[in-house]
Amino acid sequence: MIDSTLSELERYYDTVPRVGGARGEDFGPLTLFVQEGAGWPYYARPALGGSAATPADVRRVRERQRELKVPEAFEWVAETSPSLRAAVEAAGLHVHAHPLMVLDPAAEALPPHPEVRLLGSDDPFLTAAVTVPALAFAAPGTAIGEAGPAELAAAMTQPSAEEGRARVSAKLAAGTAAMAAAVRDGVVLCSGLYNPVGDVVEVVGVGTLPSARRQGLALAVTAALVAEARTRGARTVFLSAGDEDVARVYARIGFRRVATALIAEPAE
């Protein structure tokens, strides 16, 4: 069961950048996904059915990433490509690990949270919802932090906020994503979205404004996304948790760890 699930996720990982507007550049055992036009920058990952990558393969991809002025990022599943970690570390990259979790099909749905709503492509809270995760991920973890509504308001004035809103709005309008947010007194405190490929859905970008943490909002937003995915016929719903503490939160709504997602980037 685990092997078939991981194979399914590998196909998803190879497909979702392509449907998101990226082209795949072939580097033998590795594929570099390059966004064409406006959109999120992607990463390199193992090619489907490819052989084990060497440090030299990783260096070739890094050279191409630098040439394209895109992030030198690699993503893969440890259990599916067990030798890649040694290769990327030998090529000078830093690796961090995240629990890879799949929703138990028998998991019971949580009751809807009164402050959580699904957002449409023209929702007035969309810019804030796109901006909140950036503030959340800038201060990782589950501890209550300093960034709050004032920092959110300031971040929303940056050009990147409007660019992010436009990208997400287009995906929502096309039905290639769904987004949920927790809104209180007119302020978005938590948000996240999911990306579907067929009947497989990945929940991504769930982040809580640091000052609003430890109120169950991330769990409620994730539960809303799961409910929407199931309504749309999703068979497999998965996510990568930020760390073990976050993974324990997601376990409360039926996500079970199946593997470890690895991300490699240059050391800061």
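The following dialogue explains how to read several features of a predicted model.

Student: What kind of model is this, and how are its residues numbered?

Tutor: The model is predicted, so local features need pLDDT of at least 70 and side-chain atom pairs count only at pLDDT 80 or more, while totals for chains, interfaces and linings use all residues. Residues are numbered from 1 along each chain as its sequence is written, and side-chain values use heavy atoms, with hydrogens and water left out.

Student: How many helices and strands does the chain have?

Tutor: Helices (H or I, at least four residues) and strands (E, at least two) are DSSP runs, numbered from the N terminus. Here the chain has eight helices and eleven strands.

Student: What does the radius of gyration say about the chain?

Tutor: The radius of gyration is taken over C-alpha atoms, and the globule rule is 2.2 Å times the number of residues to the power 0.38. For 268 residues, a compact globule would have a value near 18 Å, and the chain agrees because its radius of gyration is 18 Å. Along the principal axes, the C-alpha atoms fill a box of roughly 55 × 45 × 35 Å.

Student: What percentage of the residues is buried?

Tutor: Buried means under 20% relative accessible area, exposed over 50%, and partly exposed in between (1.4 Å probe, protein chains only). In this chain, buried residues make up 49% of the 268 residues. Accessible areas come from the Shrake-Rupley method with a 1.4 Å probe; for residues, only the protein chains shown count as cover. The accessible surface of the chain comes to about 12600 Å², and 54% of this surface belongs to carbon and sulfur atoms.

Student: Which residues touch the most other members of the largest nonpolar core?

Tutor: A nonpolar core is a set of buried Ala, Val, Leu, Ile, Met, Phe, Trp, Tyr and Cys residues joined through side-chain atoms within 4.5 Å. The largest one has 49 residues, and those touching the most other members are Met-179, Val-188, Val-237, Tyr-250 and Phe-255. Helix α7 (residues 217-231) supplies the largest share of this core, with seven residues.

Student: Which residues does Tyr-250 touch?

Tutor: Contact means heavy atoms within 4.5 Å. Leaving aside residues up to four places away in sequence, Tyr-250 touches Met-101, Val-206, Leu-219, Thr-222, Leu-239, Ala-241 and Phe-255. For the chain, consider the contacts with a separation of 6 or more: residues 24 or more positions apart account for 71% of them.

Student: Is Glu-228 buried or exposed?

Tutor: Glu-228 counts as buried because its relative accessibility is 18%. Glu-228 lies in helix α7 and, not counting residues up to four places away in sequence, touches Leu-118, Ala-178 and Tyr-194. Asp-57, in helix α2, also has a value that counts as buried, at 13% relative accessibility. With residues up to four places away in sequence not counted, Asp-57 touches Pro-29, Leu-30 and Ala-52.

Student: Where does Ala-128 lie, and what does Ala-128 touch?

Tutor: Ala-128 lies in helix α4 (residues 126-138) and is buried, with a relative accessible area of 6%. Not counting residues up to four places away in sequence, Ala-128 touches Leu-152, Met-156 and Val-188.

Student: How far apart in space are Gly-242 and His-98?

Tutor: Gly-242 and His-98 are 144 residues apart in sequence and 5.7 Å apart in space, C-alpha to C-alpha. Gly-242 is in the loop between β10 (236-240) and α8 (244-251), and counts as partly exposed because its relative accessibility is 42%. By contrast, the C-alpha atoms of Ala-22 and Leu-209, 187 residues apart along the chain, are separated by 30 Å.
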